[in-house]
Amino acid sequence: MGKDIKVRLAMLGKTQVELLNEIRKRGFKKLTPQALSSYITGRDTTPQSEVVLKIARDILKEWEVKHDDSKNR
């Protein structure tokens, strides 16, 4: 399940739409907002959902590093 993703987005001041756009840039061009939401809430657990959630967490980690770097300047 991806409840941590919602918390991390909120802490960064980012939205699921911004996350979706970044996921689409990384190969999931046809991923819908509804599908991403169902993956994050755990309603849909498939091999694809696991891959998408991993990509989402990788993106969040990148954003967190950038966010921390900007706070330390």
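**Surface, fold and packing**

Author: The model is a predicted one. The accessible surface of the protein is about 4900 Å², and carbon and sulfur atoms hold 54% of that.

Reader: What is the order of the elements from the N terminus on?

Author: The protein has 4 helices and 0 strands. Read from the N terminus, the order of the elements is α-α-α-α.

Reader: How does the radius of gyration stand against the globule rule?

Author: Along the principal axes, the C-alpha trace spans about 40 × 20 × 15 Å. For 73 residues the globule rule gives 11 Å, and the protein is close to that, so it is as compact as a globular protein of that length. Its radius of gyration is 12 Å.

Reader: What share of the 73 residues of the protein counts as buried?

Author: A residue counts as buried under 20% relative accessible area. Of the 73 residues, the share that counts as buried is 32%.

Reader: Among contacts between residues at least 6 apart in sequence, what share joins residues at least 24 apart?

Author: The contacts in question are those in the protein between residues at least 6 apart in sequence. The share of these that joins residues at least 24 apart is 60%.

Reader: Which helices do the buried residues of α3 pack against?

Author: Helix α3 covers residues 33-41, and its buried residues are A35, L36, S38, Y39 and I40. G42, with a positive phi near 85°, follows α3. The buried residues of α3 pack against α1 (3-12), α2 (16-25) and α4 (47-71).

Reader: How is α3 set against α4, roughly parallel or roughly perpendicular?

Author: Two packed helices are described by the angle between their axes and the distance between the axes. For α3 and α4, the axes are 10 Å apart and the packing angle is about 90°. Angles of 65 to 115 degrees count as roughly perpendicular, so α3 against α4 is roughly perpendicular.

Reader: Which residues make that contact, and how many of them are nonpolar?

Author: From α3 come L36, Y39 and I40, and from α4 come Q48, S49, V52 and L53. By class, the contact of α3 with α4 has no charged residues and 2 polar ones, and the number of nonpolar residues is 5.

Reader: Is E22 buried or exposed?

Author: E22 lies in helix α2. Leaving out residues up to four places away in sequence, E22 touches I59 and W63. Its relative accessible area is 18%, and the cut-off for buried is under 20%, so E22 is buried.

How values were computed:
Residues are numbered from 1 along each chain as its sequence is written. This is a predicted model: local features need pLDDT of at least 70, side-chain atom pairs count only at pLDDT 80 or more; totals for chains, interfaces and linings use all residues. Side-chain values use heavy atoms; hydrogens and water are left out. Buried means under 20% relative accessible area, exposed over 50%, partly exposed in between (1.4 Å probe, protein chains only). Helices (H or I, at least four residues) and strands (E, at least two) are DSSP runs, numbered from the N terminus. Contact means heavy atoms within 4.5 Å. Axes are lines fitted to C-alpha atoms, for helices over the stretch in contact, and angles run from 0 to 180 degrees between N-to-C directions. Angles under 35 degrees count as roughly parallel, over 145 as roughly antiparallel, 65 to 115 as roughly perpendicular and the rest as oblique. Ala, Val, Leu, Ile, Met, Phe, Trp, Tyr, Cys and Pro count as nonpolar, Asp, Glu, Lys and Arg as charged, and the others, Gly among them, as polar. The radius of gyration is taken over C-alpha atoms; the globule rule is 2.2 Å times the number of residues to the power 0.38. Accessible areas come from the Shrake-Rupley method with a 1.4 Å probe; for residues, only the protein chains shown count as cover.
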